[in-house]
Structures are given as C-alpha cells and as structure tokens.
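This briefing goes through one protein model, topic by topic. Please keep the sequence and the coordinates at hand while reading.

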Amino acid sequence: MNVRLPIKAVAIPALAVLLLTLATAKGRDPALYPAPPGQGVTIYLVDNGWHSDLAVPTVEIEARDDALAQAARATSTGPWMLIGWGDARFYEASSPALSRIPDGLAALAGGRKTVLHLEGAAGPPDRGWQEDFTPIVISRAGLAALLARADRSLARGSDGGPIAIAERRVPGEAFFASAEGFSLIHLCNHWTAELLTAAGVPVTPVLDTLPGGLRLDLRLRAGV
C-alpha cells in the first residue's frame, strides 16, 4: 500500500494533464498552413524566456484598414514590428523582472487591465537580436487572419480607433488598451499561440504556457 499510493498520486494528475493537453490542442488549418511553396511570409516568434512576441513586417500591418494599423503608425516607422500582449501593470513596469514576481503572481488571479504592446525594430530578429527567435513561414491569408486576431484584442475608443496608453519605456514602442482578460489559463504566451492558431498553425495551449514550450510545440506539430 505504501508503494502504490505515491504512484497513484503521481499518475492521476499526470493523466489529467495529458487529457487536458490533448483536449485543448488546436489542429492545423490546411487552407492556411503551410504556405504554398514560394508564396509564404516569414514572421518570427521572439522570446526572452518568460514572454513571447511575434515580429511581423510593418508594411503588412499598415496595409490594413483597422485599429491595429492605426496603432502601428502611431508607434514606429521601423520596418519590423513586435506584437505582444499581457497584464498592463506587470507589462508596463520597467523595474527588474525578479522584483515584479509578486505582482506577476497576483495577475494570475485575473480581473486586471491588459494591454497590447507594439515596438518597432530596424530589422528582423535574425539580424543580430539578443533574444531567442524562431522563423515561421505562413501564408498571406494566414498572416491576414493573424493580424485580424491581434486587432480584435484592442479596446476601441469613441472614434473606433485604438486607445493609447501614456506609458512608453523606450522610443519606438507603445501600449494600447486591450479588451481581453489575463489569467492563469490565458497568459501572454497563450495569446501568442492564439495568433498562430488564427494563421492555421497547429498549437497545444498546455505546452505553450512558457516560450520554451511554445517553441517545442512548433517544432513537434508545425515542423518549424
């Protein structure tokens, strides 16, 4: 009995996690992904170990007629744009990450304001960026769907445009109010995975809780 009890104590939660992983996995949309040969657009998953962004050519964002395009024009003239999302108070802070751990844990309970973050860049991540990055080739239709999903995250002002937040940590970046909720089951990396899902890329939310898991997920399921 003393041997079996610990085994059950481990096996039951492990089985529950496995079932949850399988039940929430998102399949590939063959109409969007992969892109036809020679017709894809390269975007990048960029991460610092805790948080992930997607780097997209700015021209692709600004070609749209929506709030996201307005937000990008107001942010930077850089040829590349980082798109991210998260809890407003934690995301906007500029203090060292370790000092913000208690606040980050408090955010997991949900109910706090969220923001969409944009930051311009002079070139793609493979041009000497310090962060880890993963190139992903998606179709043009997939990119349009991805950007439309990001646009839906934005809260709208009375004029229908994005609501800019005054906080700016560095030149060429901006925060905009979001209408989505942040919680333990909807973290910043889950949001990034949702944008990739919109582009037809298969993802597994349970694995995508941290950027390393999202990179592994893309390697295993999307062949990236």
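**Briefing on the predicted model**

Asp208 lies in the loop that connects helix 7 with helix 8 (211-222), where helices (H or I, at least four residues) and strands (E, at least two) are DSSP runs numbered from the N terminus. The model is a predicted one, in which local features need pLDDT of at least 70 and side-chain atom pairs count only at pLDDT 80 or more, while totals for chains, interfaces and linings use all residues. Residues are numbered from 1 along each chain as its sequence is written, and side-chain values use heavy atoms, with hydrogens and water left out.

- Asp208 counts as buried because its relative accessibility is 0%, buried being under 20% relative accessible area, exposed over 50% and partly exposed in between (1.4 Å probe, protein chains only).
- Apart from neighbours within four places in sequence, Asp208 is in contact (heavy atoms within 4.5 Å) with Asn189, His190, Ala193, Val203, Gly213, Leu214 and Asp217.
- The C-alpha atoms of Asp208 and Leu218 are 9.4 Å apart, with the two residues separated by 10 residues along the chain.
- Helix 7 is mostly covered, with eight of its 11 residues buried, and among these are Asn189, His190 and Ala193.

- Of the 15 residues that line the second largest pocket, Ile185, His186, His190, Pro205 and Val206 are the closest to its centre.
- Helix 1 (4-24) and helix 7 (188-198) each supply at least two residues of this lining, and helix 7 gives the most, with four residues.

- Seven strands form an open sheet in the order 5-1-2-3-4-7-6, with antiparallel pairing, two strands being paired if DSSP finds at least two bridges between them.
- Strand 5 (132-138) and strand 6 (164-165) are the edge strands, each pairing on one side only.
- Strand 1 (residues 41-47) and strand 2 pair in the antiparallel sense over four bridges, with Tyr44 standing opposite Ala55 in strand 2.
- These two strands form a hairpin with four residues between them, and Gly49 in the turn has a positive phi of about 100 degrees.
- Strand 2 (residues 52-57) has six of its six residues buried: Ser52, Leu54 and Val56 point one way, whereas Asp53, Ala55 and Pro57 point the other way.
- Strand 2 also pairs in the antiparallel sense with strand 3 (residues 80-87), over four bridges, and Trp80 is the bridge partner of Pro57.
- Strand 4 (residues 114-121) and strand 7 (residues 173-178) pair over six bridges in the antiparallel sense, with Ala177 as the bridge partner of Val115.

**Nonpolar cores**

- The largest nonpolar core has 37 residues, and those with the most contacts inside it include Ile83, Leu118 and Leu196; such a core is a set of buried Ala, Val, Leu, Ile, Met, Phe, Trp, Tyr and Cys residues joined through side-chain atoms within 4.5 Å.
- A second, separate core of six residues includes Tyr44, Val46, Ala55 and Ala121.

Note on methods: 1 Å grid on protein atoms, 1.4 Å probe; cavity = no way out; pocket = protein on both sides within 12 Å on 5 of 7 lines; lining within 4 Å.
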